[in-house]
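Subject: Structure handover

Dear colleague,

Here is the structure for your files. My notes on it follow below.

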Amino acid sequence: MSDATGVIVIGAGQAGVQAAEALRAGGFTAPVTLLGDEPLGPYHRPPLSKAWLAGDVDAAQLVMRAPELLAKKGITLRTGVRVQAIDRSARTVTLADGSTLPYAGLVLATGSRPRALPLPGADAPNVLPLRTRADADGIAAALRHCAQHGLPVVVVGGGFIGLEVAATARKKGLAVTVVELAPRLLGRVLAPVLSDWYAQLHRGQGVVVELGAGVVGIEQQAGQATAVLGSAGQRWPAGLVVVGIGVVANDELARAAGLECERGIVVDDCARTADPAIVAAGDCTARRTADGTLLRLESVNNATEQGKSAAAALLGTPRPFTGTPWFWSDQYDKKLQMAGLSTGADQAVLRGSLDAPGFSVWHYRGDRLLAVDTVNNPREHLLARKLLDAGRWPAPAQVADSGFDPAGVLAP
Ligand SMILES: Cc1cc2nc3c(=O)[nH]c(=O)nc-3n(C[C@H](O)[C@H](O)[C@H](O)COP(=O)(O)OP(=O)(O)OC[C@H]3O[C@@H](n4cnc5c(N)ncnc54)[C@H](O)[C@@H]3O)c2cc1C
């Protein structure tokens, strides 16, 4: 990499900031420029559906890295700047104002965007997605409006973001309905036992949870959404509709530049694309794993670790990110923490009781531990990550016995 030209990072989110800082930490001395199209500097997204929406944290607590801190590290942050195109042969990027910037190394950290609800009436101003601080502020204002006028909230999609918004709205005393097409909540990521537990948790808090319910349109009056319409003739009145039906990777720049994309920018374990000058990290990627399958992870952990790998690859010291993935979600007073990936598990072993304040579910394929989901049990979550990283774990029968301490498996 030509040191004089430096590195451009597209996307000033979790992965972009991590990559920029890791370049500096790795001894890179040439210019590092972080380009973000949002008006704000880097901020944390997870609180947007939780503490920020609830009004429990202030704007300063949302800041991920203050611009001054980045400047101190020699990282030039430019906000409100959108990259329009990449010219791989000239090694330049073109900005929205038509100017170009040269790069020796390029980090694509463009994240993802909410999947739009492609239905009649979904263009109403009170049908809102949640990805950015601006989205969250719009939802917060709409929640206040609903509270003032006694209007209900409908959440379309029973995934993590939708359920977190439902919990926050419910805590504010609003009437909330969650409409989910699949027969269970969080069906893509959780075992049935936890899906059922979440449905019970929300219903216990007074949320109406509609499962196996397709949405066919949004009813509008005077340009505002007034109800969500179901495929079986249902009509759920709404003063606010929050849409949480998944995300789409922002891979268009890479695609247009001729890089391989398949539900995201295809990278290897070291965050490398086929172009040695271009790496990618975070929500915008699809990682090709050892068995050839593509893995898409949308989490802070993935963005952080891939960001570090992206920097290492540009520095010529490749660092595979193959560690145990983890994730969390806060709903009401319950913190779910997930370690590993339960896809392909054939056995879910409950440790403790679903009625207890905390418990865990251990996922096995045969005798092999794939993942552990814990609720209000941070100690066991950390232990699970250690066990999965070490490749040593207790047998399913041991885990089912709450008198057995799984930490013993790690003893030398
Ligand atoms: C409401 C919410 C709650 C969440 N809760 C959790 C949680 O509890 N736990 C967890 O692990 N994860 C959570 N996540 C997911 C986590 O926040 C993301 O996985 C993470 O932010 C991904 O980081 P990223 O850097 O890849 O993308 P982003 O943070 O999205 O950053 C990408 C940035 O690039 C910008 N960009 C895109 N294209 C361009 C362009 N052409 N030019 C310039 N800039 C561009 C985007 O506008 C964006 O600012 C949550 C996400 C949301 C939205």
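Arg 45 is partly exposed because its relative accessibility is 27%, where buried means under 20% relative accessible area, exposed over 50%, and partly exposed in between (1.4 Å probe, protein chains only). Its side chain meets that of Glu 38 in a salt bridge, at 2.9 Å from N to O; the term stands for a side-chain nitrogen of Lys or Arg within 4 Å of a carboxyl oxygen of Asp or Glu.

Before the rest, the conventions. This is a predicted model, in which local features need pLDDT of at least 70 and side-chain atom pairs count only at pLDDT 80 or more, while totals for chains, interfaces and linings use all residues. Residues are numbered from 1 along each chain as its sequence is written, and side-chain values use heavy atoms, with hydrogens and water left out.

Salt bridges

The search of the whole structure gives 20 salt bridges. Side chains of opposite charge can pair when their charged atoms come close. One of the pairs is Arg 255 with Asp 251, at 3.0 Å from N to O. Arg 255 is partly exposed, with 46% relative accessible area, whereas Asp 251 is buried at 5%. Another salt bridge joins Arg 287 to Asp 269, with the closest N and O atoms 3.7 Å apart. That pair links distant parts of the chain, 18 residues apart: Arg 287 is in strand E20 (residues 285-288), and Asp 269 is in the loop between strand E18 (265-267) and strand E19 (278-280). Helices (H or I, at least four residues) and strands (E, at least two) are DSSP runs, numbered from the N terminus. Here Arg 287 is buried, with a relative accessible area of 7%, and Asp 269 is partly exposed at 23%. Glu 21, Arg 65 and Lys 73 are linked in a network of salt bridges.

Ligand

Around the ligand there are 31 residues (a heavy atom within 4 Å). Those that come nearest are Asp 37, Glu 38, Lys 50, Arg 131 and Asp 283. A polar side-chain atom of Glu 38 lies 2.6 Å from a ligand oxygen atom. The elements giving two or more residues to the shell around the ligand are helix H1 (14-25), helix H9 (300-314) and strand E22 (326-331).

Ser 309 is found in helix H9 and is buried, with a relative accessible area of 0%. Leaving aside neighbours within four places in sequence, Ser 309 is in contact (heavy atoms within 4.5 Å) with Asp 269, Cys 270, Ala 271, Arg 319, Pro 320 and Phe 321.

Nonpolar cores

A nonpolar core is a set of buried Ala, Val, Leu, Ile, Met, Phe, Trp, Tyr and Cys residues joined through side-chain atoms within 4.5 Å. The largest has 42 residues, of which Ile 139, Leu 143, Val 153, Val 176, Leu 185, Tyr 198 and Leu 240 touch the most other members. Apart from it lies another core of 26 residues, including Val 7, Ala 19, Ala 303 and Ala 313.

Leu 101 lies in strand E6 (residues 100-102).

Regards

Conventions. Polar contact = N/O pair within 3.5 Å; in protein donor to acceptor, adjacent residues only side chain to side chain.
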